[in-house]
Amino acid sequence: MTLSIHPTAIIEEGARLGADIAIGPYCHIGPNVVLGDGVELKSHVVIGGHTSIGAGTVLFPFATIGMPPQHARYKGEEVHLHIGANCVIREHVTMHPGTPFGSGETRVGDNGLFMVGVHIAHDCRVGNNVVMANQATLGGHVEIGDYVNIGGMSAVHQFVRIGKHAMVGGMSGVEGDVIPYGMVMGDRARLSGLNIVGLKRRGFEREEVHALRAAYRLLFAAEGTMAERLEDVSGIMKDNAAITDIVEFIRADSTRAICHPR
């Protein structure tokens, strides 16, 4: 096992370190932290609590990870934070563990990019390949699907769900659930269509995009109720996996309403 630990770093007894780890100046690693192989801490990184970080993840100066959740009812109970492999966590990012009155853990997937000042609150679920731009914030209990992009200085209300491949425009306030493949923006975010650019970048074929557009128009048409439109779309396009994702997402139990177009 190869370790590169700067002499000013503090590694508390009990911390578990994988192979080929680099820990820079003035970092502080708590006793219940687990770092996977190849993790790199540039400098001035603080990692506490019951936190595990997957292989190959890189943390930049002043990232503060695993500190107690910001919740008035939290009284020091054991709670957890799990961060996946090959993430990039930039300067001043904060990620908090769960709460005993939530799920008890926060989970962040693999291959995420979390830019300067991002905040991920207690009990969140963040998927793989997620990008959060500068100062984007997740309230507690938020669920983020795979390949979601959240623009800079956006804030997502607690308990909101954002489906996979969705896009949140910069400086948006997201109070409602965002359908998979959807795009929202605005100070009180509303649907503005599908995330077409993101779908093309991820290799969705033209026919798939056209089918999603057709489903979107049907789902958010003026005629009928949402329940009726869901029945129509699921009947007509039941063999399309992406459209089934949207239908199931809308039908799922949630404490938040779905974001609609203006």
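Let me begin with how helix axes are treated here: axes are lines fitted to C-alpha atoms, for helices over the stretch in contact, and angles run from 0 to 180 degrees between N-to-C directions. What we are looking at is a predicted model, in which local features need pLDDT of at least 70 and side-chain atom pairs count only at pLDDT 80 or more, while totals for chains, interfaces and linings use all residues. Residues are numbered from 1 along each chain as its sequence is written, and side-chain values use heavy atoms, with hydrogens and water left out. Helices (H or I, at least four residues) and strands (E, at least two) are DSSP runs, numbered from the N terminus.

I will take the helices to start with. Two packed helices are described by the angle between their axes and the distance between the axes. For helix 2, residues 206-219, and helix 3, the axes come within 9 Å and cross at roughly 155°. These two helices are therefore roughly antiparallel to each other, given that angles under 35 degrees count as roughly parallel, over 145 as roughly antiparallel, 65 to 115 as roughly perpendicular and the rest as oblique. Helix 2 passes helix 3 in a right-handed crossing; a crossing is right-handed if the near helix is turned clockwise from the far one by less than a right angle, and left-handed if anticlockwise. On the side of helix 2 the contact is made by Ala215, Leu218 and Leu219, and on the side of helix 3 by Met226, Arg229, Leu230, Val233 and Ile236, where contact means heavy atoms within 4.5 Å. By class, this contact of helix 2 with helix 3 has seven nonpolar, no polar and one charged residues. In that classification Ala, Val, Leu, Ile, Met, Phe, Trp, Tyr, Cys and Pro count as nonpolar, Asp, Glu, Lys and Arg as charged, and the others, Gly among them, as polar.

The crossing of helix 3 and helix 4 is left-handed. Helix 3 contributes Met226, Leu230, Glu231, Val233 and Ser234 to the contact, and helix 4 contributes Ile243, Val247, Ile250 and Arg251. Sorted by class, the contact of helix 3 with helix 4 has six nonpolar, one polar and two charged residues.

Now to some single residues. Serine 154 lies in the loop between strand 22 (149-150) and strand 23 (155-156). Is serine 154 buried or exposed? Serine 154 is buried, because its relative accessible area is 1%, and buried means under 20%, exposed over 50% and partly exposed in between, with a 1.4 Å probe and protein chains only. Its side chain reaches the backbone nitrogen of methionine 171 at 3.3 Å. Not counting residues up to four places away in sequence, serine 154 touches Gln135, Ala136, Thr137, Val168, Gly169, Gly170, Met171 and Ser172.

Most residues other than glycine have a negative phi, and most peptide bonds are trans. Tyrosine 147, in the loop between strand 21 (143-144) and strand 22, has a positive phi near 60°, and at 32% relative accessibility tyrosine 147 counts as partly exposed. Histidine 165, in the loop between strand 24 (161-162) and strand 25 (167-168), has a positive phi of about 65°, and histidine 165 is buried, with a relative accessible area of 9%.

Notes. A polar contact is a pair of N or O atoms within 3.5 Å; within protein, one must be able to donate a hydrogen and the other to accept it, and residues adjacent in sequence count only if both atoms are side-chain atoms.
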